[in-house]
Amino acid sequence: MAQTKGKISSTTIPIWFIIATCWLLSFRVYAKLTQAQAPPGKGVAWVTPAQFEEMKKRPSGLGRDLVIYEFTADWCSPCKKRERTVFRAPKVISDINDNFIPVRVDLTSEELSNIPATKKLTQQYRVDSIPRCIITLKSGELVDDDRYMYGDRFAGFIERSKEKANNVRAKLALVKGDYDFAIKNLSPAILSGSVSLDSYSYVDYLMCHHLLLMTHRQAEVEPMMKKTYELTARASEASIPKEPLDWLENLNKYLRDQISDEQLLKTDTADSDIAMSNLAIGLKCLRLGDKDKALKALHKSAVLSAKLYISDSLSEPLAHELEK
C-alpha cells in the first residue's frame, strides 16, 4: 500500500488531462464570446410592445423615426445565439440605441404571445418564424426584414436600413404629391443609377424615374436608366443560370415612349411582371393627369402584389390617395 499510495495510474493521467484541456477550451470560448460585449448595463435599451404603445401616447412623441422589432423566445437556440453575439457587440448596440426605438417581442409562451400589443405585431408583420428582426418607420411602414442574420452581416443590415428608410419616406411623400421632399430623400445611389435590379425590385427604379420627371430633372433620366441597365446586365451575366432581361428592356421601351400601354402588357407573362407594368402605367397616367386610368392600373398592381405576398409599398397607397 505504501508503494502505490502516491502513484497515479496510467488511466488517471489522460482523465485529468482531458479535464484540464476542456477547462482551458471553455475559458477561451467564453473569452471570445465576451470580448466584443458591451460593459454591464450598456446593452440595447429594449422596451416591450406594451411599453412602446404607451410611448406613442406621450405628448413629446417617440423622438426617433425608426423602430427595430426583435421577435424572439427563450426556447429558440438561434435567438439566444444572436443575443450572445450580435446584440452584445458595442457597434450594434450604439447604432440601435442612437437611431432606433428597440422593441423586443417575446414569444416564449402562449400567454406572452397573446398579449394584445404582441399579437398585433406578429399579425401585422406576418411573423411565422424566429429569430426575426423587422425595421419600420415609427408610423408603421416596413423598411427591411433580416430573416436571421448575425455577425458583420447584421451590422450591415442595420446600416443599410437607414438608407432604405429614406426611400420609404420618399414613397410616402410621393403619394402626398410632395415631389421635392420625395426626391431629396431618395437614395443617391438610385438617382445616379448605381443599383442593379431584378424583377422584384423595380419599384424604386420607377419611383426615381417618376420623380425626376415631376421635378423637371429630365436631363438626369436617360443617364440613370442607362447606368441601371448596364449594372443589371452585368449582374445577369454573372448569375447562374443567366437571368434574362426582357422585362427590363420592355419596361425601358415603355418609359422612353417607344411602346404603348397595350404593347407593354402583351410582353408580360408572370404576375410580378404584370404588377410592375401596371405600376409603370399608373405613374405615367398620373403625370398625364388621367386619374381614372391611373387608379385602375394601380389597383391591378396592388392586387397582383398582394397575390404574390409582396408589397410594392407604392401602388396601394397611391390608389387610396386617389380615391379620397
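Me: In β2, which residue is the bridge partner of Tyr 69?

Reply: Two strands pair if DSSP finds at least two bridges between them; strands (E, at least two residues) and helices (H or I, at least four) are DSSP runs, numbered from the N terminus. Here the partner of Tyr 69 in β2 is Val 103. This is a predicted model, in which local features need pLDDT of at least 70, side-chain atom pairs count only at pLDDT 80 or more, and totals for chains, interfaces and linings use all residues. Residues are numbered from 1 along each chain as its sequence is written, and side-chain values use heavy atoms, with hydrogens and water left out.

Me: How many bridges join β1 to β3, and in which sense do they run?

Reply: Strands β1 and β3 (residues 132-137) run antiparallel, joined by six bridges. Thr 136 in β3 stands opposite Val 67. With β2 (residues 100-106), β1 pairs in the parallel sense over seven bridges.

Me: Which residues of β1 are buried on each side?

Reply: Buried means under 20% relative accessible area, exposed over 50%, and partly exposed in between (1.4 Å probe, protein chains only). One side of β1 has Leu 66, Ile 68, Glu 70 and Thr 72, the other Val 67, Tyr 69 and Phe 71, and all are buried.

Me: Why does Ser 161 count as buried?

Reply: Ser 161 counts as buried because its relative accessibility is 0%. Ser 161 sits in helix α7 (residues 152-176). Contact means heavy atoms within 4.5 Å. Leaving aside neighbours within four places in sequence, Ser 161 is in contact with Phe 100, Ile 135 and Val 143.
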